[in-house]
Amino acid sequence: MANPASYRPQPGDIPTDPGVYRFRDEHGRVIYVGKAKNLRSRLNSYFANPLTLLPKTYAMVHAAASVQWTTVGSELEALQLEWTWIKEFNPRYNLAFRDDKSYPYLAVTLGEKFPRVQVMRGERRKDVRYFGPYTAGAIRETVDTLLRVFPVRTCSPGVLKRAQRSGRPCLLGYIDKCAAPCVGRVTPEEHRALADEFCAFMGGEAKPFIAKLERQMAAAVAELDYEQAARLRDDIAALRKVFERNAVVLAEDTHADIFAVHQDELEAAVQVFHVRGGRIRGQRGWVVEKVEDSTPDELIEHLLQQVYGDDDSNRDGIPRQILVPEQPSNGDQLAVWLSGLRGSKVEIRVPQRGDKAALMETVRQNAEQAMKLHKSRRAGDLTARSLALQELQEALDLPVALLRIECYDISHVQGTNVVASMVVVEDGIAKKSEYRKFAITGDAAVDDTASMYDVVTRRFRHYLKEQTARSGATVSGEISGPLADQMRVQPKFAYPPNLVVVDGGQPQVAAATRALVDLGIDDVYVVGLAKRLEEVWLPDSDFPVILPRTSQGLYLLQRIRDEAHRFAIAFHRQKRGKSMTVSALDAVPGLGAAKRGLLLESYGSVRKIKSASTDELAQLKGIGPVLAAAVYGTLHPPEGAATVAPVVNMSTGEVLES
């Protein structure tokens with residue numbers, strides 16, 4: 001734990017301008033980001049008498065090794081830069097609002113050629129429009145009802161490709177619940193228009209669609225086309241069923257997000273109701289650990305930054321009104337920033353009376369119930385994780401707490417397609433964003449010990465290289481010039497673990513230990529978990545450590561080892577599948593992977609490429625007459641020559657192209 005006096009900048013060196021600052025630890029990681037109207041005043045407050053600091057601020061300044069700052073022209077610029085840094089570095093001492101993953105969302109993948117409607121959970125993705133969340137039963141019923149009116153694609157990429165190859169749609173295409181763009185029943189533009197209409201309906205624009213269908217039904221009746229009129233009548237009933245599922249809670253011209261917070265000394269639960277057209281169109285929830293000493297108005301400011309600062313949220317639309325339980329700090333600048341994101345004025349208000357205040361109380365009750373549910377779930381999980389980490393530390397006689405564990409596993413089939421995996425556990429919880437895959441070739445693929453030595457060497461060589469390159473991160477001062485460019489380089493790996501676990505016994509442990517010794521690293525401990533008897537092997541030990549079968553520490557090691565094994569096998573199968581897929585286009589001289597993909601994307605299959613003439617092939621951008629002639633000549637061998645085989649996955653026997 002560092003002494004704040006060791007990295008405190010001279011007060012005269014800190015400007016009095018508005019700006020953004022960040023604290024870094026000894027490994028160069030950003031652990032806290034903040035903004036200030038007066039940088040000198042704010043930063044000096046962190047280096048006051050430690051006895052006067054709040055507990056969380058005290059922990060933060062003693063975990064840091066340097067502080068850096070950047071001056072900006074206004075408080076609005078400081079607000080924008082602070083959010084940019086928080087998104088980029090994800091500091092551990094900043095408030096982080098994490099979505100409640102218990103409810104699914106209805107998602108439309110607008111980034112695909114043929115947009116797809118599907119149910120999604122977890123982190124939000126780019127170029128995807130989200131609606132909800134809903135309960136699992138309600139969301140599937142909603143999709144099934146709307147597909148009869150908006151027959152948008154719902155199939156997986158595999159089903160789509162199979163339909164394109166065969167020229168036949170899936171079952172939904174035959175029962176008119178998909179427009180079947182895969183076989184050309186509608187053009188990509190027409191299918192995208194269907195997806196846009198689906199999104200508009202789910203976004204609250206239901207009445208225009210219902211009115212349009214009613215006019216079409218009346219016209220069909222006037223023309224005595226009663227079958228069409230009956231179909232339109234059923235479509236109208238389906239839309240009304242979905243539309244009326246949301247009760248009217250406010251005036252129909254109300255477009256607002258209503259936030260409420262329930263908090264204690266350690267955590268805060270946040271709920272929001274999305275009201276569009278006076279109806280509740282969705283609800284979201286977060287639970288945040290209060291690692292930062294913040295007032296209620298600062299909590300609201302950080303909340304609005306994270307909810308609306310994300311690109312996906314901008315695409316879904318920021319409402320005209322944002323109703324909060326307390327005015328956020330820097331509320332005027334925050335409203336200007338949100339107005340810039342929305343493209344029109346945004347109003348941040350605290351409802352005092354009436355329907356909006358009553359609805360906010362309902363939202364607050366939801367937040368209170370979410371907090372109770374979160375604590376009841378977490379109590380048992382936290383106790384088990386703490387017990388497992390403590391048991392493991394004591395059994396292995398380690399002098400440091402196991403805050404971060406990395407596990408490595410090697411996967412291959414008789415020495416071919418050798419790969420390795422690295423999985424990460426922090427505080428007993430898997431951190432999938434820091435999982436890594438390694439492809440192993442050459443001498444390193446000779447056996448498991450050589451592969452293990454290679455993988456551990458590569459991982460920690462990157463760490464040493466990045467530590468040297470980012471040495472400026474441990475120097476306090478203003479961020480400018482080459483240091484600013486250097487800080488923008490994102491490391492391939494995070495900080496080093498306290499413990500390395502390898503899948504194997506003495507040989508694998510010895511290989512990993514030798515790799516660390518050769519790199520001069522002596523503060524990372526290594527153990528191995530042998531599968532047969534679940535023995536724990538330590539370096540330079542002739543006898544394993546036997547943990548009780550009911551030990552929580554052994555359970556934790558087994559879960560980490562099994563996760564590393566799963567991750568390695570998944571990568572190995574992917575690599576093996578690619579290596580065992582052969583194509584007729586592989587034999588074309590001068591045709592690389594990019595142009596091979598261009599041909600397949602343009603024509604759809606080798607069969608259609610084979611039916612094209614040389615002139616038609618040469619018209620494709622990047623092909624040219626010489627390469628077109630080579631493709632044509634390979635696919636049309638002279639009589640008596642060997643025929644060209646179709647594309648076949650050799651591991652499954654599936655014909656991928658013909």
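Here are some friendly notes on this predicted model, point by point.

1. **Ground rules.** Since the model is predicted, local features need pLDDT of at least 70 and side-chain atom pairs count only at pLDDT 80 or more, while totals for chains, interfaces and linings use all residues. Residues are numbered from 1 along each chain as its sequence is written, and side-chain values use heavy atoms, with hydrogens and water left out.

2. **Overall make-up.** The protein chain holds 21 helices and 23 strands; helices (H or I, at least four residues) and strands (E, at least two) are DSSP runs, numbered from the N terminus. Of its 658 residues, 46% are buried, where buried means under 20% relative accessible area, exposed over 50% and partly exposed in between (1.4 Å probe, protein chains only). The chain exposes about 32800 Å², and carbon and sulfur atoms supply 52% of that area; accessible areas come from the Shrake-Rupley method with a 1.4 Å probe, and for residues only the protein chains shown count as cover. Among contacts (heavy atoms within 4.5 Å) with a separation of 6 or more, 65% are between residues 24 or more positions apart.

3. **Helix α2 and its cover.** In α2, which spans residues 55–63, the buried residues include T57, M60, V61 and H62. What covers the buried residues of α2 includes strands β1 (19–24) and β2 (30–36), as well as helix α1 (39–46).

4. **A three-stranded sheet.** You will find an open sheet with the order β6-β5-β7 and antiparallel pairing; two strands pair if DSSP finds at least two bridges between them. Its edge strands, β6 (117–120) and β7 (129–131), each pair on one side only. From one strand to the next, the twist averages 30°. Strand β5 (residues 105–108) pairs with β6 over four bridges in the antiparallel sense, and A107 stands opposite Q118 in β6. Helix α7 (residues 188–202) packs on the sheet, where it touches β5, β6 and β7, and its direction makes about 150° with that of β5. For that angle, axes are lines fitted to C-alpha atoms, for helices over the stretch in contact, and angles run from 0 to 180 degrees between N-to-C directions.

5. **The β9–β10 hairpin.** Strands β9 (residues 267–276) and β10 pair in the antiparallel sense over 10 bridges, with V272 opposite R284 in β10. Two residues separate the strands in this hairpin, and G277 in the turn has a positive phi of about 65°. Strand β10 (residues 279–289) is mostly covered, with eight of its 11 residues buried.

6. **Backbone angles to check.** Most residues other than glycine have a negative phi. A180 is not a glycine, yet its phi is positive at about 55°. A180 sits in the loop between α6 and α7, and it counts as buried because its relative accessibility is 0%. N417, also not a glycine, has a positive phi of about 50° and belongs to strand β14 (residues 416–426).

7. **Salt bridges.** The count comes to 19, taking a salt bridge as a side-chain nitrogen of Lys or Arg within 4 Å of a carboxyl oxygen of Asp or Glu. K431 bridges to E426 at 3.4 Å, N to O, and to E434, with the closest N and O atoms 3.3 Å apart. K431 is partly exposed, with a relative accessible area of 26%, whereas E426 counts as buried at 16% and E434 as buried at 14%. Elsewhere, the side chains of R561 and E534 meet at 2.9 Å, N to O. R561 lies in helix α17 (residues 552–579) and E534 in the loop between β19 (525–530) and β20 (535–537), so the pair ties together parts that are 27 residues apart in sequence. R561 and E534 are both buried. Salt bridges that share partners also join R404, E406, E426, K431, E434 and R459 into one network.

8. **A nonpolar surface patch.** L171, Y174 and I175 make a nonpolar surface patch of about 350 Å². Patches are made of residues with over 30% relative accessible area and no salt bridge; like charges are joined within 9 Å, and nonpolar side chains (Val, Leu, Ile, Met, Phe, Trp, Tyr) within 5 Å. Y174 lies in helix α6 (residues 171–174) and counts as exposed because its relative accessibility is 52%.
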